[in-house]
Amino acid sequence: MSIELFDHSRGYGRVSRLLHWGMALLLLWQFISALLHYFYDDTPITDFFFGWHFTNGVLILALALLRGLWGLINLSRRPPHDTPIHRLAALGQLAMYALMVAVPVIALIRAWGSTRPFSAFGIELFAGQPEKIEWMANLGGQWHGLLGWTLFVLIGGHIAMAFVHTYWWREPVLQRMTRGRETG
Ligand code: HEM
Ligand code: HEM
């Protein structure tokens, strides 16, 4: 059997599946670290998980851009979303993309405007400002957490609907993303 790198009308190729499941793991880490930060701040377990929140978030941003590009290249080959319910699913996927970019970008803007240097992957990406830039700090303070939680709610709905489609409505959409091809 040939190795299918590109997507096709009955499923997703290897690159899309690797990005989808790899990023699902990174987002799971982000979810755990956010929950710990909210409920158990200042504990060793939170320090461990949240210690990677910045680097992991920057990685998610880079991969989301790459995945978006790959998605655009493959758009015309992907399984069609041509009924109202499938169009709604596609809209949800688009919203997840928008948030996977907006949530880390807003955090990076806040970090840029702060007086502390910012590092990811152990590398200093930018130095601190001599004085805090208020609007940048406020943008992050007001929107980063809120939009981050919104993304996790959308992901929860997305996962639930993938199972509803597959096991209730008997449309094998899960197989498109697991084995890469609908059966039947
Ligand atoms: C897709 C990537 C990201 C997601 C989904 C995400 C999600 C979240 C969520 C839901 C919270 C709220 C936790 C709470 O209420 O205690 C949070 C907090 C935080 N995040 Fe992120 N984050 C991401 C990327 C980043 C990046 C790249 C940075 C650094 C530049 C960052 C810095 C922070 C900081 C400093 C906090 C604590 C202050 C706050 O609640 O705004 N995050 N994150
Ligand atoms: C257990 C977790 C997950 C399951 C079971 C799941 C399932 C699926 C399935 C079956 C599809 C194909 C649907 C179709 O063709 O209409 C899909 C596509 C998609 N999923 Fe997930 N998913 C999960 C986690 C995630 C996460 C964490 C994200 C991140 C935001 C995500 C974002 C997307 C996007 C954007 C698509 C469209 C294809 C693409 O652009 O890669 N999924 N998912």
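This is a predicted model: local features need pLDDT of at least 70, side-chain atom pairs count only at pLDDT 80 or more; totals for chains, interfaces and linings use all residues.
**Overall fold**

The chain holds six helices and two strands. The C-alpha trace spans about 60 × 30 × 30 Å along its principal axes. The chain has 184 residues, of which 13% count as buried. Among contacts in the chain with a separation of 6 or more, 62% are between residues 24 or more positions apart.

**Helices α1 and α3**

Two packed helices are described by the angle between their axes and the distance between the axes. Helix α1 covers residues 14-39 and helix α3 covers residues 53-74; they pack at an angle of about 150 degrees, and their axes are 10 Å apart. Because angles over 145 degrees count as roughly antiparallel, α1 is roughly antiparallel to α3. The crossing of the two helices is left-handed.

On the α1 side, the contact is made by Val-15, Ser-16, Leu-19, Met-23, Leu-26, Leu-27, Trp-29, Gln-30 and Ser-33. On the α3 side, the residues are His-53, Asn-56, Gly-57, Leu-59, Ile-60, Leu-63, Arg-67, Trp-70 and Asn-74. By class, the residues of this contact are ten nonpolar, seven polar and one charged.

**Surroundings of the two ligands**

Ligand 1 has 21 residues around it, and those that come nearest are Ala-34, Gly-57, Ala-107, Gly-145 and Gly-148. Gly-57 is also one of the α3 residues in the contact with α1. The elements α1, α3, α4 and α5 each give at least two residues to the shell around ligand 1.

Ligand 2 is surrounded by 20 residues, the closest being Ala-24, Gln-93, Met-96, Ala-162 and Met-177. Two or more residues of this shell come from each of α1, α4 (84-112), α5 (134-168) and α6 (173-177).

The table gives the classes of residues in each shell.

| Shell | Nonpolar | Polar | Charged |
|---|---|---|---|
| Ligand 1 | 13 residues | eight residues | no residues |
| Ligand 2 | 14 residues | five residues | one residue |

Terms used:
Residues are numbered from 1 along each chain as its sequence is written. Chains are lettered from A and ligands numbered from 1 in the order in which they are written. Axes are lines fitted to C-alpha atoms, for helices over the stretch in contact, and angles run from 0 to 180 degrees between N-to-C directions. Helices (H or I, at least four residues) and strands (E, at least two) are DSSP runs, numbered from the N terminus. Angles under 35 degrees count as roughly parallel, over 145 as roughly antiparallel, 65 to 115 as roughly perpendicular and the rest as oblique. A crossing is left-handed if the near helix is turned anticlockwise from the far one by less than a right angle, and right-handed if clockwise. Two residues are in contact if their C-beta atoms, placed from the backbone, lie within 7 Å. Ala, Val, Leu, Ile, Met, Phe, Trp, Tyr, Cys and Pro count as nonpolar, Asp, Glu, Lys and Arg as charged, and the others, Gly among them, as polar. A residue is near a molecule or strand if its C-beta atom, placed from the backbone, lies within 6 Å of it. A residue is buried if 20 or more other C-beta atoms lie within 10 Å of its own, exposed if 12 or fewer, and partly exposed in between; C-beta atoms are placed from the backbone.
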